[in-house]
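Please examine the sequence and the model shown below. The paragraphs that follow lead from the charges of the chain to its fold and then to its aromatic rings.

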Amino acid sequence: MDRVSKENYYLDIAETVSERSTCLRRRFGAIIVKNDTIISTGYNGAPRGRANCNEIGNCIRTKLGIQRGERYEMCRSVHAEANAIIAASRENMIGSVLYMCCTDPFDDSIVPGTCSCMMCKRMVINAGIKTVVVRDTKTEFSVYEVADWIDNDDSLSGKFGY
């Protein structure tokens with residue numbers, strides 16, 4: 001009997017979490033794991049009590065033609081990584097792994113090649129998370145060492161997007 005890898009086990013959970021997303025552009029799910037224990041989960045959606053984009057029926061960023069990775073102050077949503085971080089204590093996140101999956105809201109397919117935006121990278125760094133694992137396909141994933149995000153500060157490049 002073949003057993004799913006631990007990474008894909010957690011990525012399967014992150015993919016399921018993404019199904020709660022209310023974003024009309026991309027659905028993200030994230031889970032934070034430490035010592036094989038899930039610390040918290042998060043998905044992208046409007047702050048508690050505010051109407052979600054799927055309820056309103058439009059995305060202001062799409063309406064304004066804003067490209068992915070840019071002008072997040074215009075977005076109604078709190079990102080999946082941010083919601084997972086908000087739901088956990090920093091003590092539990094130090095040295096942890098964040099698993100993330102992005103799916104397309106129109107056909108439920110996995111969106112490969114995604115990663116945290118610049119704002120979320122800063123939060124991940126400050127949370128003490130050690131590694132970020134992002135699903136690319138049902139069995140393949142990319143691994144990012146957060147220490148590399150500190151050493152290679154993309155906020156200095158002037159390049160936006162992810």
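How many positive and how many negative side chains does the protein chain have, and how far apart do the centres of the two sets lie? In this predicted model, the protein chain carries 21 positive and 21 negative side chains. The centres of these two sets are 7 Å apart.

The fold may be considered next. The secondary structure of the protein chain consists of 7 helices and 5 strands, and along the sequence these elements follow the pattern α-β-β-α-α-α-α-β-α-β-β-α. The chain has a radius of gyration of 15 Å, close to the 15 Å given by the globule rule for 162 residues, so it is as compact as a globular protein of that length. The C-alpha trace spans about 45 × 40 × 30 Å along its principal axes.

Of the 162 residues, 42% count as buried. The protein chain exposes about 9100 Å², of which carbon and sulfur atoms supply 49%. Among the contacts with a separation of 6 or more, 67% come from residues 24 or more positions apart.

A search of the whole structure finds 3 aromatic pairs. In one of them, the ring centres of Tyr10 and Tyr99 are 5.1 Å apart and the planes stand at 35 degrees, so the pair is tilted. This pair links distant parts of the chain: Tyr10 belongs to helix H1 (residues 6-18) and Tyr99 to strand S3 (residues 97-103), 89 residues apart. Both Tyr10 and Tyr99 are buried. Ring pairs also join Tyr9, Tyr10 and Tyr99 into a cluster.

Definitions and conventions
Residues are numbered from 1 along each chain as its sequence is written. This is a predicted model: local features need pLDDT of at least 70, side-chain atom pairs count only at pLDDT 80 or more; totals for chains, interfaces and linings use all residues. Side-chain values use heavy atoms; hydrogens and water are left out. Rings of Phe, Tyr and Trp (its six-membered ring) pair if their centres lie within 6.5 Å; planes under 30 degrees apart count as stacked, over 60 as edge-to-face and the rest as tilted. Helices (H or I, at least four residues) and strands (E, at least two) are DSSP runs, numbered from the N terminus. Buried means under 20% relative accessible area, exposed over 50%, partly exposed in between (1.4 Å probe, protein chains only). The radius of gyration is taken over C-alpha atoms; the globule rule is 2.2 Å times the number of residues to the power 0.38. Contact means heavy atoms within 4.5 Å. Accessible areas come from the Shrake-Rupley method with a 1.4 Å probe; for residues, only the protein chains shown count as cover. Lys and Arg count as positive and Asp and Glu as negative; His and the chain ends are not counted. The place of a charge is taken as NZ of Lys, CZ of Arg, CG of Asp or CD of Glu.
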